[in-house]
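Come along and see what I looked up, entry by entry.

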Amino acid sequence: MSKTLVSIAIWALGGWLLGTWLGAAAGWALFALGLLMMILVSGLQLSRIAHWVRDIDAPPPPSVGPWDEVLAPIYRKLKQNRLDLQDRTRSFQRALMAAEALPDGALTLTPDKSLLWCNQTAARHLGLDLERDRGHSIFNILRAPEFTRYADQDAWDRSLTLHLGGEGHARTLSLHLAPYGVGQFLLVSRDITQIERLENTRKDFVANVSHEMRTPLTVLSGFVETLQDLPDDALTDEQRRHYLDLMAQQAHNMQALVADLLTLSSLESTPNREGGPVPVTALVRTALTQAQALSGGRHTFDVSLDENLRIRGQDTELASAVGNLLTNAVRYTPANGAITVRWESTADGGAAYRVRDTGIGIDPDDIPRLTERFFRVDRGRSRATGGTGLGLAIAKHVAMRHDARLDIQSTPGKGSVFSILFPAARVCPSTDA
Ligand code: ADP
């Protein structure tokens, strides 16, 4: 305003000076011309401002005269607002990214428990599509009566375990609802399928071990009670020896079971280190001595071992796997059968330990289950030959800890080949040997 007044004053002074020199008419004419120019310039500036207003994010037009005083603070304020908005958008995106990065699923619900937002994990857990399901009631999305009962409470101090999906897609979720903000709700989901499976495996394992222990213990205590109850001369020496032999066998079975359990437990609890060069040949020879003793001359053995072939690993673990495959070959091969043992390099630079027998063989349907703990094709035969049902589970575990694979080929009635195949990376260069 002050600039406008100064401009009018300048034109008025100019008109007065011209008027005193050339006459009043010339003075008024100059003053009128000045005012006209001011009106024209103002109109021009106004049109530039009107143009700017249409694209208000652009900088305002420079030097628009008296308008500068009005436009500058507006522009400063606009710029500040824009920066604030950018800051807030960035914070919001950071919070959103953090919520996306959560290992758990997170859903926000409106006060009437309709879906507001969810992260990718929650979408995966509950099969949601945010675009499609936003605004839908969570009770229509999660149609489980136990969830409805859980969500209808007033306070949630515990999580809900929910079993979802059908065959092949079954999963178990742990859900926890919590109020937040103004009447809104946060639903956190966690996939506990694996944890639950492990827990069931652990329970089954404990039940199996108890069952395996109970059988020999029952037999053993039965014999002890019988012997205690009988008068000294009730049994002949031969009968007494027979009973004692049976008791010794049960005790031996229990010892074998405990030994295998300890091996499994040590495999599970010791960290997996690569270890130094293992003289596998020496391990196989020791196992062979035991297998031949078990065979008692009923089988022929064909052995060929590459003396220079060594792998990096743990010798006690490998000794256990090597021994298990050999004693199994003896136990599941009838008399006069042949057992072939090989320790050799493979075409891909790895190493293979193979035990071939001409024994009873295994039905193809049973092969995938052989390495399950306590799985036996023929329980009676396994027990009668002192089996614990853990040998192949141990062999597979040892193989895995050596980056190796347990391969089983078998034909019922003809025989089997059990191989542990080590990768080239585990084989020690021949200079090491
Ligand atoms: P077990 O102590 O019962 O032998 P394993 O884990 O060593 O337990 O073996 C599991 C099952 O695999 C055995 O019960 C047996 O039925 C089968 N099996 C293992 N090795 C052989 C083999 N060489 N020939 C035939 N069946 C075998």
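What distance separates the centres of domain 1 and domain 3? I looked it up in this predicted model, and the centres, taken over C-alpha atoms, are 108 Å apart.

Next I noted where the domains run. The domain assignment gives domain 1 as 2–84 and domain 2 as 102–191. It places domain 3 at 196–269 and domain 4 at 276–426.

Then I turned to the ligand. I found 20 residues around the ligand, and N328, Y332, S382, G389 and L392 are the closest. By kind, the shell holds nine nonpolar, eight polar and three charged residues.

N328 has a polar side-chain atom 2.8 Å from an oxygen atom of the ligand. For G389, a polar backbone atom is 2.8 Å from a ligand oxygen.

How much of the ligand does the protein bury? I wrote down 98% of the 520 Å² that the ligand exposes when taken alone.

My last entry is about the pocket. The ligand takes up the space of the largest pocket. Two or more residues of the shell come from each of α11 (315–331), α13 (391–401) and β12 (415–422).

How values were computed
Residues numbered from 1 in each chain as written. Predicted model: local features only at pLDDT ≥ 70, side-chain atom pairs only at ≥ 80, totals over all residues. Heavy atoms only, no water. Domains from an automatic or database assignment. Near = heavy atom within 4 Å. Polar contact = N/O pair within 3.5 Å; in protein donor to acceptor, adjacent residues only side chain to side chain. Areas by Shrake-Rupley, 256 points an atom, 1.4 Å probe, with all protein chains shown as cover. 1 Å grid on protein atoms, 1.4 Å probe; cavity = no way out; pocket = protein on both sides within 12 Å on 5 of 7 lines; lining within 4 Å. Sits in = over half its atoms within 2 Å of the grid points. Helix = DSSP H or I, 4+ residues; strand = E, 2+ residues; numbered from the N terminus. Nonpolar A, V, L, I, M, F, W, Y, C, P; charged D, E, K, R; others polar.
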